[in-house]
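Please consult the sequence and the structure shown here before reading the explanation that follows.

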Amino acid sequence: MPETGRPIASLLDVPVTPADRTPASRGRGEVPPERDLLDRARRGEPEAFRVIFDRHSPSVRRFLGDLLRDDAAADEATQETFVRAHSRMRTLREDERLGGWLLGIARMVSMEQLRRWRRDPLPLPEEEPREPDRAPSPEAVLLSGEADRLLDGALMVLASDRRAALLMRIDHGLPYEQIAEAMGWNLQKVKNEIHRARLQLRERLSGYVEGTP
């Protein structure tokens, strides 16, 4: 699945405005508000859940791709995330944001997959490790290719929970409160883990960042 490169600077320094705090555009009656979608999905309307899937699955898939580093596993985990979300829709509290709730389920699915891999490791083929298909434009290959490789390697150094929290913040724009709900942590732990993740990335990427104009 194609992905766009993430600027390294955004992981280290630039504050992120949560996407779900951005006011929805007016005058688009054909796109149901999220609260209306949730109410309809809880009542068992298949079309409402289909809209939720179409709206949130790209973000969930990107998150799982970053955690699992395997396209087939990330695709499977995305499907499993929404199967579980469908069965648990009535457990979503009124004050919870759907995006953060879905990423919390996705994180649990990814942890189960990683545990299975540790328990039953598959034999590795005699070939280069597969990389996610980011499909950059030809003009961006030289500019983004090296940065993406460095960033991917730096992210994999982070512990899985710390990496998940950082990605929720910088890649999905969740506020600390929603990350705390998704991770099952208190607010201070969220801030501490993201701060430490940024420090680890800064140390890992310092040579590249300092040499970048």
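Helices here are DSSP runs of H or I with at least four residues, numbered from the N terminus. The model is predicted, and local features need pLDDT of at least 70, side-chain atom pairs count only at pLDDT 80 or more, and totals for chains, interfaces and linings use all residues. Residues are numbered from 1 along each chain as its sequence is written, and side-chain values use heavy atoms, with hydrogens and water left out.

Helix α3 spans residues 46–68, and it packs against α4 at an angle of about 140°, the axes being 8 Å apart. Axes are lines fitted to C-alpha atoms, for helices over the stretch in contact, and angles run from 0 to 180 degrees between N-to-C directions. On the α3 side, the contact (heavy atoms within 4.5 Å) includes F49, F53 and L64, and on the α4 side it includes A74, T78 and F82. Its residues comprise 11 nonpolar, 7 polar and 3 charged.

Helix α4 (residues 71–87) also meets helix α5 (residues 98–119): their axes come within 9 Å and cross at roughly 130°. That angle makes α4 oblique to α5. Among the residues in contact are A77, F82 and A85 of α4, and W101, I105 and W117 of α5. This contact divides into 10 nonpolar, 1 polar and 3 charged residues.

Technical notes: Helices (H or I, at least four residues) and strands (E, at least two) are DSSP runs, numbered from the N terminus. Angles under 35 degrees count as roughly parallel, over 145 as roughly antiparallel, 65 to 115 as roughly perpendicular and the rest as oblique. Ala, Val, Leu, Ile, Met, Phe, Trp, Tyr, Cys and Pro count as nonpolar, Asp, Glu, Lys and Arg as charged, and the others, Gly among them, as polar.
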